[in-house]
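Here's a quick tour for anyone opening this one up for the first time. Have a look at the chains first, then come back for the walk-through.

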Number of protein chains: 2
Amino acid sequence: MSDQGKIVVLSGGVGGAKLVYGLSKVLPPDALLVVANTGDDFSHMGLRICPDIDSLTYALSDLADPVRGWGRVDETWNFMRALKQVGGEDWFNLGDMDLALHIMRSHLLQSGKGLTEATRILCRNLGVQTTILPMSDDPVPTMVDTESGQLSFQEYFVREQCQPSVKGFSFQGADTARLNPGLRTCFENDDVAAVLIAPSNPFVSIDPILAIGGFADMLEGFDGPVVAVSPIVGGNAIKGPAAKMMVELGLPSSALTVAQHYQDILTGFVLDQVDAATAPQIKALDIEAHVEQTMMTDALSKVSLARACLKAANVVLDGGG
Amino acid sequence: MSDQGKIVVLSGGVGGAKLVYGLSKVLPPDALLVVANTGDDFSHMGLRICPDIDSLTYALSDLADPVRGWGRVDETWNFMRALKQVGGEDWFNLGDMDLALHIMRSHLLQSGKGLTEATRILCRNLGVQTTILPMSDDPVPTMVDTESGQLSFQEYFVREQCQPSVKGFSFQGADTARLNPGLRTCFENDDVAAVLIAPSNPFVSIDPILAIGGFADMLEGFDGPVVAVSPIVGGNAIKGPAAKMMVELGLPSSALTVAQHYQDILTGFVLDQVDAATAPQIKALDIEAHVEQTMMTDALSKVSLARACLKAANVVLDGGG
């Protein structure tokens with residue numbers, strides 16, 4: 001499999017992390033390259049927080065909380081109670097154990113390491129064999145234009161609970177940010193077998209990655225399979241504000257809207273069985289439609305969807321698909 | 001009482017904090033000014049940690065752990081387990097709730113506030129009415145010269161568990177550090193009724209304060225009472241390495257050694273009943289000797305010793321001493 005090149009996955013947080021978990025179970029570690037959105041990253045109480053890298057890291061180290069959907073399993077919250085007591089900001093929840101990752105990362109960054117290197121060290125220490133690459137070591141914060149003015153992503157997402165209606169998004173510094181060199185090298189060395197776009201929010205999880213200077217060109221020059229998985233099932237987002245955003249942007253909230261959004265780069269599109277009727281419209285866009293069971297509710301369904309995505313990308317697994 | 005001027009207490013951590021707790025129960029808040037040693041302060045995993053200010057803050061907010069002797073009562077340690085897991089340094093223990101103070105302080109300092117202002121904010125939020133002033137807003141780290149070379153204070157104290165034999169101490173930057181302006185003003189305005197030196201380690205808790213440029217002169221020009229409490233009882237330190245240090249420095253480990261150490265500035269010295277026989281030797285130094293029960297094992301004994309110290313400093317309490 002590895003002589004075919006790597007499977008590059010563009011991913012946001014929770015939903016993407018589920019697919020990445022599945023892929024990590026069917027691909028050898030060196031065949032998988034996960035590119036994480038860092039547009040959500042922010043500094044909070046002096047700590048550098050990278051929500052999507054964290055979700056991927058916890059998913060791959062089997063530490064993710066399966067119920068809450070973010071952070072660590074068996075988490076405790078004594079720090080937050082004390083932080084409130086000493087007058088700290090309490091709108092962003094930091095678990096006692098989760099805090100270790102933030103403090104260690106902030107410390108590594110302060111000592112001069114880049115985010116890629118800091119992520120590598122944290123993953124290694126947690127036993128994660130899959131490579132997670134931040135889209136860039138440069139900060140490219142996602143700003144959300146809303147009816148109440150411009151908000152940073154976490155202000156919009158956590159503090160305002162996605163309530164303000166969105167008008168658009170900008171990715172500050174994306175033009176000049178340096179694409180992760182590991183990702184660039186992979187494309188330059190023709191070491192990419194296929195690109196997968198995880199079932200993440202197209203506007204605020206995947207678009208920030210695509211916006212990094214040079215990456216769009218790189219993908220356009222790539223002649224292998226590019227397959228996206230729809231985060232919209234039956235008109236609704238599995239998690240998060242993707243469907244709400246579509247409506248606010250004047251778009252139908254549907255799997256078709258997602259396919260149209262990625263139209264220029266896709267060769268294939270994986271959509272859920274409940275949206276099977278949309279398949280002809282996807283094909284009309286000159287994109288192969290793959291109807292699958294896309295709900296990832298347990299380890300087995302994550303692995304199944306991972307296999308389906310690889311099949312859609314014409315990747316032949318050593319052990320058979 | 002307040003028209004007499006303030007009671008200025010020079011204090012290290014745990015032992016000093018017990019006396020300060022007692023004083024806070026018998027003096028109105030504006031009559032007490034606590035000057036905290038910051039020679040132990042250090043940066044750890046990107047956080048600014050001020051052990052003596054913390055001990056004073058927790059003592060005065062009734063959050064101190066009475067058994068462990070440092071940190072917060074009912075503390076939990078989930079962060080430390082996770083920190084070890086992600087590869088962080090684990091030689092210095094940070095409780096889940098204690099961490100809130102360190103993160104909030106580090107955040108305040110990073111946003112441009114001085115240590116005095118950060119301490120004021122944290123104390124206010126925890127309901128502490130007594131003023132705690134860091135000896136200086138400038139870092140003056142205590143370095144310990146040992147047989148194994150020079151160590152920072154926390155390396156010596158926590159990491160090496162005070163094992164290496166000490167040869168001397170230096171207070172880096174003490175010459176040029178700016179004495180806390182609040183303390184300076186107090187002396188310049190003749191607003192000091194008496195100075196108390198808490199039963200803290202003379203070498204590494206009190207000497208750093210005395211070493212700050214200008215403070216020794218200020219104390220020399222002060223004609224009110226200056227009373228120290230012996231941290232050595234029956235030849236042993238109540239807590240910490242003071243007695244061990246004396247032996248290693250070639251001095252008898254005794255209350256008399258403490259009195260001799262402060263000889264130039266003291267008018268009075270409070271020593272324990274078990275050391276009553278030493279009183280004539282103290283008097284021979286031209287220092288009044290006050291024999292008291294100095295062990296502070298509960299709230300009552302803290303208050304009793306506080307009253308005894310104030311009496312030794314000729315301070316008349318409003319409610320009667």
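A word on pairing before we start: two strands count as paired if DSSP finds at least two bridges between them. With that in hand, take strand β6 (residues 142–146) of chain A, which is joined to β8(A) by 5 bridges, the two running antiparallel. Keep in mind that this is a predicted model.

**A sheet in chain A**

- β6(A) belongs to an open sheet of 3 strands, in the order β7-β6-β8 (chain A), and the pairing is antiparallel.
- β7 (149–152) and β8 (166–171) of chain A sit at the edges with a single partner strand each, so one side of each has no neighbour in the sheet.
- On average, neighbouring strands here are turned by 25° against each other, ignoring direction.
- Lying across β6 and β8 of chain A is helix α8 (residues 202–211) of chain A, which runs at about 35° to β8(A).

**A covered helix**

- Helix α2 (residues 51–60) of chain A is mostly covered, with 10 of its 10 residues buried.
- Among those buried residues are A:Pro51, A:Ile53, A:Leu56 and A:Tyr58, and also A:Asp52 and A:Asp54.
- After α2(A) comes A:Asp62, which has a positive phi, near 60°.

**Where the chains meet**

- In the contact between the chains, 25 residues of chain B touch 25 residues of chain A.
- On chain B's side, the elements giving two or more residues are α3 (78–85), α4 (98–110) and α5 (115–125) of chain B.
- α4(B) provides the largest share of that side, 8 residues.
- Sorted by type, the chain B residues on that side come to 14 nonpolar, 10 polar and 1 charged.
- The copies meet through the same surface, because 100% of the interface residues of chain B are also interface residues in chain A.

**How the copies are related**

Technical notes:
Residues are numbered from 1 along each chain as its sequence is written. Chains are lettered from A and ligands numbered from 1 in the order in which they are written. This is a predicted model: local features need pLDDT of at least 70, side-chain atom pairs count only at pLDDT 80 or more; totals for chains, interfaces and linings use all residues. A residue is buried if 20 or more other C-beta atoms lie within 10 Å of its own, exposed if 12 or fewer, and partly exposed in between; C-beta atoms are placed from the backbone. Helices (H or I, at least four residues) and strands (E, at least two) are DSSP runs, numbered from the N terminus. Two residues are in contact if their C-beta atoms, placed from the backbone, lie within 7 Å. Ala, Val, Leu, Ile, Met, Phe, Trp, Tyr, Cys and Pro count as nonpolar, Asp, Glu, Lys and Arg as charged, and the others, Gly among them, as polar. Axes are lines fitted to C-alpha atoms, for helices over the stretch in contact, and angles run from 0 to 180 degrees between N-to-C directions.
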